[in-house]
Amino acid sequence: MPTYIVLLGPPGAGKGTQAEILAANFQLPHISSGDIFRENIKKDTELGKLAQTYMSKGELVPDDVTIAMIRERFSRPDCVRGAILDGFPRNPAQADDVEGMLKGFGGQVNLVPLITAPSDVLILRLAGRWTCRANGHIFHERFNPSKQSRVCDFDGSPLFQRDDDKADTVKHRIEVYQNQTAPLIDYYNKRGILVEINGSAPIEEVAAHLMSALNK
Ligand code: AP5
């Protein structure tokens, strides 16, 4: 039976960090809608140009564009056994689409960990985040520093700070999360697959809670 996990939570809660750990542990692909958009921006594709206009303002990219992109990703064979979804779905319309799409694989969303942390923690995390250019590995200058300053531990590529991690954009992203994404809490709660995880704890502790929720 394939396993599909949707990581839910506000910007900076630790979805990407935990998705990397889960993907390695369960040998499943980590599908991050934000990373796919950033890859397209780097390659200067039409999708990247369009996405950039929304991402730089902290707004969601329109559903039709996002859903088409994720459907293309799901058409690849590595998704058949399952996947860790990070940043998608992001509103009820996208969640409805995921349900339909996974039915096609004979699958469904099995578990939705909701990773939470207060806004002041989110802002502090995003202000100090450094991301690797080549593969999106995530570091933090205080909480999870790379061994060598501004160089990725895993592939040696340079680390950069995201444009949308500026304080004003972060505040708006948190509002967008509250208005447009938080309704998914009720959506998945009603299906009995939501589990709340305290994201304020250290990375290893959050990972241990997640692993125990998943192993159940
Ligand atoms: P996206 O890239 O998905 O960003 P996000 O959801 O805002 O989440 P983040 O990546 O900022 O945070 P995270 O929770 O992954 O935290 P992380 O692990 O990095 O989306 C960006 C934009 O793309 C959107 O605004 C939108 O425009 C567009 N987009 C994407 N998906 C879309 C969709 N489906 N529909 C429409 N538009 C879409 O951790 C943050 C920092 O904290 C790191 O430095 C990390 O090292 C550190 N850290 C993590 N956990 C801990 C911990 N437990 N203790 C201490 N430090 C920690």
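Asp165 is buried, with a relative accessible area of 10%, where buried means under 20% relative accessible area, exposed over 50% and partly exposed in between (1.4 Å probe, protein chains only). The model is predicted, so local features need pLDDT of at least 70 and side-chain atom pairs count only at pLDDT 80 or more, while totals for chains, interfaces and linings use all residues. Residues are numbered from 1 along each chain as its sequence is written, and side-chain values use heavy atoms, with hydrogens and water left out.

The partner of Asp165 is Arg129, and their side chains meet in a salt bridge with an N to O distance of 2.9 Å; the term stands for a side-chain nitrogen of Lys or Arg within 4 Å of a carboxyl oxygen of Asp or Glu. Because Arg129 lies in strand E5 (residues 129-132) and Asp165 in the loop between strand E7 (159-160) and helix H7 (167-181), the pair ties together parts that are 36 residues apart in sequence. Helices (H or I, at least four residues) and strands (E, at least two) are DSSP runs, numbered from the N terminus. Arg129, at 13% relative accessibility, also counts as buried.

## Salt bridges within helices

Lys49 is partly exposed at a relative accessible area of 41%, whereas Glu46, at 60%, counts as exposed.

In helix H8, Asp186 forms a salt bridge with Lys190, with the closest N and O atoms 3.2 Å apart, and the two residues, 4 apart in that helix, are likewise separated by about one helical turn. Asp186 counts as partly exposed at 42% relative accessibility, while Lys190 counts as exposed at 67%. Elsewhere, salt bridges that share partners join Arg129, Arg162, Asp164, Asp165 and Arg173 into one network.

## The nonpolar cores

In soluble globular proteins, nonpolar side chains tend to be buried together. A nonpolar core is here a set of buried Ala, Val, Leu, Ile, Met, Phe, Trp, Tyr and Cys residues joined through side-chain atoms within 4.5 Å. The largest such core has 30 residues, of which Phe74, Val109, Val112 and Tyr188 touch the most other members. At least two residues of this core come from each of strand E1 (3-7), helix H3 (46-55), helix H4 (63-74), strand E3 (82-86), helix H5 (92-103), strand E4 (109-116) and helix H8 (183-190), and H4 supplies the largest share, 5 residues.

With neighbours within four places in sequence left aside, Tyr188 is in contact (heavy atoms within 4.5 Å) with Val6, Pro89, Ala95, Val109, Val112, Ile193 and Leu194. Another core, of 22 residues, lies apart from the largest one and has Ala13, Ala23, Ile115 and Leu214 among its members.

Gln94 lies in helix H5 and counts as buried at 2% relative accessibility. Not counting residues up to four places away in sequence, Gln94 touches Asp63, Thr66, Ile67, Phe88 and Pro89.

Gln18 is found in helix H1 and, at 3% relative accessibility, counts as buried. Beyond its neighbours within four places in sequence, Gln18 is in contact with Leu7, Ile115, Ile203, Val206, Ala207 and Leu210.

## Around the ligand

The ligand is surrounded by 37 residues, the closest being Thr17, Ser33, Glu59, Arg129 and Arg173; a residue is near a molecule if one of its heavy atoms lies within 4 Å of it. At least two residues of this shell come from each of helix H1 (15-26), helix H2 (33-42), helix H6 (119-127), strand E6 (138-140) and helix H9 (203-215), and H2 gives the most, with 4 residues.

A polar side-chain atom of Ser33 lies 2.7 Å from a nitrogen atom of the ligand, and a polar backbone atom of Val61 is 3.0 Å from a ligand nitrogen atom. On Arg173, a polar side-chain atom lies 2.6 Å from an oxygen atom of the ligand. The protein covers 97% of the 1000 Å² of accessible area that the ligand has on its own, with areas taken from the Shrake-Rupley method with a 1.4 Å probe.

Methods. Polar contact = N/O pair within 3.5 Å; in protein donor to acceptor, adjacent residues only side chain to side chain.
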